[in-house]
Amino acid sequence: MSRTTKRLTGAAALLLPTLCLMTAGAANAQDAAPALLGHQAALELDSAGASWLGTSTALVLLMTLPGLALFYGGMVRKKNVIATITQSVGVFAVVSLVWFIAGYSFAFGANGNAALQPFIGSLDMLFLNGVSLKTANALLPGIPEFLFISFQMTFAIITPALITGAFAERFKYSALLLFTALWSLLVYAPICHWVWGGGFLGSAGVLDFAGGAVVHVNSGVAGLVCAIFLGRRKGYGTEVITAHNPVLTMIGASLLLVGWIGFNAGSAGAANDLMGVALLNTVLAAAAAALTWKIVEYIEKKKVSLIGMLSGVVAGLVAITPAAGFVDPKGAVIIGLIAGPACYASSVWIKKLLRYDDSLDAFGIHGAGGLIGALLTGVFATTAINSLSEGANVGAQALGLLWTIVYSAVGTLIILFICKFTTGLRVSEAEEAAGLDTSLHGEALEH
């Protein structure tokens, strides 16, 4: 052996213990539990639950694209179909990034300041810092946190997308993008935290299984504020404004119905018995509300419209959302039976009486249906379905609704003023008359 070889061999022998220690240290670092943030738990994977939540995430995303886009797109005039559908696409893009940047952290983070925790999450997870493959949200320790984030993101997406129905056919697209970003961060995320993220409403016993207050009342009230602030469409009340394509609305409503199974049954957070009853309750309430809407419409008009029946289906879906995992099937049917005529009255009679232009009944169905469902949850919630129903009452539900309504209305109004003095809010009269498809997007359906 040469002198050089001997020197190299000796050096390797000296380095070997150091290399072993470094390798062992790296292995131990990989195996070590991650440092957890206040809202987190170490992941204890529930494979079946994760599979169901992944499926539910896809179903809820389907509700916005293409479900809601087609549902709304079929109800506007032909010159505004592309613009209306494009609004849903824009909301999807903006909210997804806002949720990634700060929305999730604000909604579900644990605030280190005990005085602020009841009202808002934290800044700890900006850009999802601190989230890893080994972490879970403590609310669902068996679900990977990245999957939990994705599931909740689909709720954050559809909520402002619902608002667009209130100002259809007259809102600037630049205003839509700014409004959506601000509203998602400053209105949706705090209310979500109040109810689901460890905030004061959840602690006060407010029951909201899948978003009666957080999603539907929140978006419905915001939509009503937008409709009143913008004013009515050109020709509203003096010209006949009819739906361009009820078949598109039928396709969209069907996708909403299927997607709502992920919305409500997915909120069980596991593939379990609660998921099963939430799924059945969802379908039963939708069917019941469709029938009672049909009865009221026939009594008034002697005809039953397709869009009316579909609106009844959605009214039932909205109303059962806060109650789906708290009531039994009998309660779900009663909620649906009440929601049909109540939402009909809100969408047709009250709107006509007060003369505001909620174009596609964002408040008429989602606001009114969410209010009815949330209050009736306090009546029909039963511990035979969910132990969390213990102590359920209308008073606590009304408290949650009051906070949601006031905060959503005031927050929406402030954001509208911001948009008015930056991007502007409403298209010009000429653009509105020509239709938003051509004036804003340079596209049009073939005649």
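**Entry 1: glutamine 152**

The model I am reading is predicted. I placed glutamine 152 in helix 4, which covers residues 145-163. I then listed what glutamine 152 touches, leaving out residues up to four places away in sequence, and got Trp99, Phe108 and Trp196.

**Entry 2: the largest pocket**

I read off a volume of about 1100 Å³ for the largest pocket. I found 31 residues lining the largest pocket, and those closest to its centre are Ile241, Lys301, Ser347, Lys351 and Asp361. I checked which helices supply at least two residues each to this lining, and helix 9 (273-301), helix 10 (306-320) and helix 11 (329-354) do. Helix 11 gives the most, with 5 residues. I sorted the lining of the largest pocket by class and got 12 nonpolar, 8 polar and 11 charged residues.

**Entry 3: the second largest pocket**

I noted about 680 Å³ of space in the second largest pocket. Its lining has 28 residues, and I recorded Trp196, Asp208, Phe209, Ser267 and Leu388 as the closest to the centre. By class, I have 17 nonpolar, 10 polar and 1 charged in the lining of the second largest pocket.

Notes. Residues are numbered from 1 along each chain as its sequence is written. This is a predicted model: local features need pLDDT of at least 70, side-chain atom pairs count only at pLDDT 80 or more; totals for chains, interfaces and linings use all residues. Side-chain values use heavy atoms; hydrogens and water are left out. Helices (H or I, at least four residues) and strands (E, at least two) are DSSP runs, numbered from the N terminus. Contact means heavy atoms within 4.5 Å. On a 1 Å grid over the protein atoms alone, a cavity is a set of points where a 1.4 Å probe fits but cannot get out, and a pocket is an open set with protein on both sides within 12 Å along at least five of seven lines; lining residues have an atom within 4 Å of a point. Grid points are joined across faces, edges and corners, and a volume is the space filled by probe spheres set on the points. Ala, Val, Leu, Ile, Met, Phe, Trp, Tyr, Cys and Pro count as nonpolar, Asp, Glu, Lys and Arg as charged, and the others, Gly among them, as polar.
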